[in-house]
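Dear colleague,

Please find the structure below, together with its sequence. My notes on what was found follow directly after it.

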Amino acid sequence: MNIIEVQELSRNFGQLVAVDKVSFCVVEGEIFGFLGPNGAGKTTTINMLCTLLKPTGGKATLCGLDVVKQRSEVRRCIGLVFQDPTLDEYLTAEQNLRFHAYAYRVPREVREKRISELLELVELSDRRKSKVRIFSGGMKRRLEIARGLLHSPRVLFLDEPTLGLDPQTRRSIWDHILALRKQHNLTIFLTTHYMDEAENCDRISIIDNGRIIALDTPDKLKDSLGGDIVTLKAVDNNAAALELKEKYNLSANIQNGMITLNIPQGEKFLPKLIGNFQSPLLSMSVRRPTLDDVFLTLTGHAIREEEAGSKEQARTMRRRFGR
Amino acid sequence: MEEVFRGMWVIAYRELLRFVQERSRISSSFAMPLLFLVIFGAGFSRLIGSMTLGVNFIQFMYPGIIAMTVLTNSVMSGLSVVWDREFGFLKEILVAPIGRSGIVLGKAAGSAVVAVMQGAIMLVLAPILGVSLTPMMVGKLIPMLIVVSLSISGLGVLIASRMRSQQGFGMIIQLIIFPLIFLSGVFFPLNNVPPWLAAISKVNPLTYGVNAIRQLFLSSTITAAGGTTGQGYSFSLTVFGHTMTMLENILVVLAFGVALLLIAAWVFSKQE
């Protein structure tokens, strides 16, 4: 059963087309990932799905409810964890959760029990009376996940759930996410620009410049490249690429001074190549494809390219849509 | 409708929770008006002497200072909105299944309760200043302060609904709220000012609030000193030749407040 259905959803900000007619479905119980560089339209899409932003075109339903016409009903069946912390730092962990329970009308009989259970789940039970102000980034994020689950939503949205966290904390956040899915048959919709995290998803939608350019399981996306990634570095990359084209009919991609090729069973191809390749080579390597390669092949640029300016971008995006 | 009321209640609940936990706010908001009262009072008292039958300058200023305490604290409703936006919490509020107008009313109600409590703390000064205070007066004063506070809270939220930074909000406060306070007759009587100043004061809704509170406090003091409220009381506002009664004054503030809250709720609902 599809719990989220999106048809030709669009959003413009003046001249800028942030999301351009995207269509996709999310099946109940799956972890669905939105993968793309910063500014690709991930957060804008999430904001439309969770009723914070009105679409300028298209239609989206969640649990069969229209995100424009049935805002309140949609809000009750989703949980949200935003990119930036949205906790009241001057209140305690418990008070933050209680506020949420009141706002979402969690019945009195189950309220305190659920608060305790969720604090237990995210391992913050011993800090329930501490002010959030003194929490670390990871603790805050865990508390937000607990809060997002307090009103028993059917879909949990996680917008860059591990942005700005250290590797251990990222790992532990992911353990929590995977445990949740098991325990609650929750549908999880998340955005990320970390390739390794996207691997945890059941299905991934790759988004670039506001458009969905691929949607499948991580394995199938990688298989779609047609084999292993062979990377060569030649003295003259252009000449080497030409030779590959003529001799083996392989279309090579030159990126950052390296030639990359998609070849089935790459480890068997290299010995053949060494035998009679004319252009002098400096280095060569073979590896299984990653989602990064999928992204590179589909868009012609690496997802990490924008990483350098990503902090600044994230900040401007935040200013524009977040607050 | 249920969503609006629940929204109002949870938002107000949080405002109070925040206030209770920040004890420094309680004392700091008390210090400022006290400072005004003591310094202005000491500075002008002897210069001005007795203003009218049995009322000295400090006694004249005291009701105005109570009004000012309530006003400055009511504007905090707006600061709290800007603060929430800056620290992200506003998003948690905006995405909750509660009515947007409930958020506005909750912010206003929450800060009104806080403001009125702080105004009420000022009442402990009454015996020291020689202003007579009866339970009856307190009973009338509290609802009046609530009306005044709600309308200014509405103004605060209205200004804040489109503001992004605390600095920006601070600027606006200085540009709007301070002039409103100065022109409301807190520090000087308005019946002896140049015509242009009198005219501006009369379009300032705070004038009516300050005047009502002053009427409540001083009419008995004046009566006790031998004057009659009708002729001896020279503080009452006269609009188009009509002397405003306390009730009329409060109704003006109430109308202003309802209008502001409605506009604030509307503007706030419009934002994405």
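The bounds of a domain, as the word is used here, come from an automatic or database domain assignment. On that basis chain A is divided into domain 1, residues 2-217, and domain 2, residues 226-288. The centres of these two domains of chain A, taken over C-alpha atoms, are separated by 42 Å. Please bear in mind that this is a predicted model.

The two chains touch each other. Chain A contributes 24 residues to the contact and chain B contributes 23 residues. On the side of chain B that touches chain A, the elements giving two or more residues are helix 1 (2-21) and helix 5 (89-94) of chain B. Helix 1 of chain B gives the most, with eight residues. By class, the residues on this side of chain B are 11 nonpolar, two polar and 10 charged.

In general, two packed helices are described by the angle between their axes and the distance between the axes. The axes of helix 6 (residues 100-121) and helix 8 (residues 135-160) of chain B come within 8 Å and cross at roughly 135 degrees. Helix 6 and helix 8 of chain B are therefore oblique to each other, and helix 6 passes helix 8 in a right-handed crossing. Among the residues making this contact are V104(B), A108(B) and A115(B) of helix 6 and I142(B), L145(B) and V157(B) of helix 8. The contact of these two helices of chain B has 11 nonpolar, five polar and one charged residues.

Yours sincerely

Terms used: Residues numbered from 1 in each chain as written. Chains lettered and ligands numbered in written order. Predicted model: local features only at pLDDT ≥ 70, side-chain atom pairs only at ≥ 80, totals over all residues. Contact = placed C-beta atoms within 7 Å. Helix = DSSP H or I, 4+ residues; strand = E, 2+ residues; numbered from the N terminus. Nonpolar A, V, L, I, M, F, W, Y, C, P; charged D, E, K, R; others polar. Axes fitted to C-alpha atoms, helices over the stretch in contact; angles between N-to-C directions. Parallel < 35°, antiparallel > 145°, perpendicular 65-115°, else oblique. Left-handed = near helix turned anticlockwise from the far one by under 90°.
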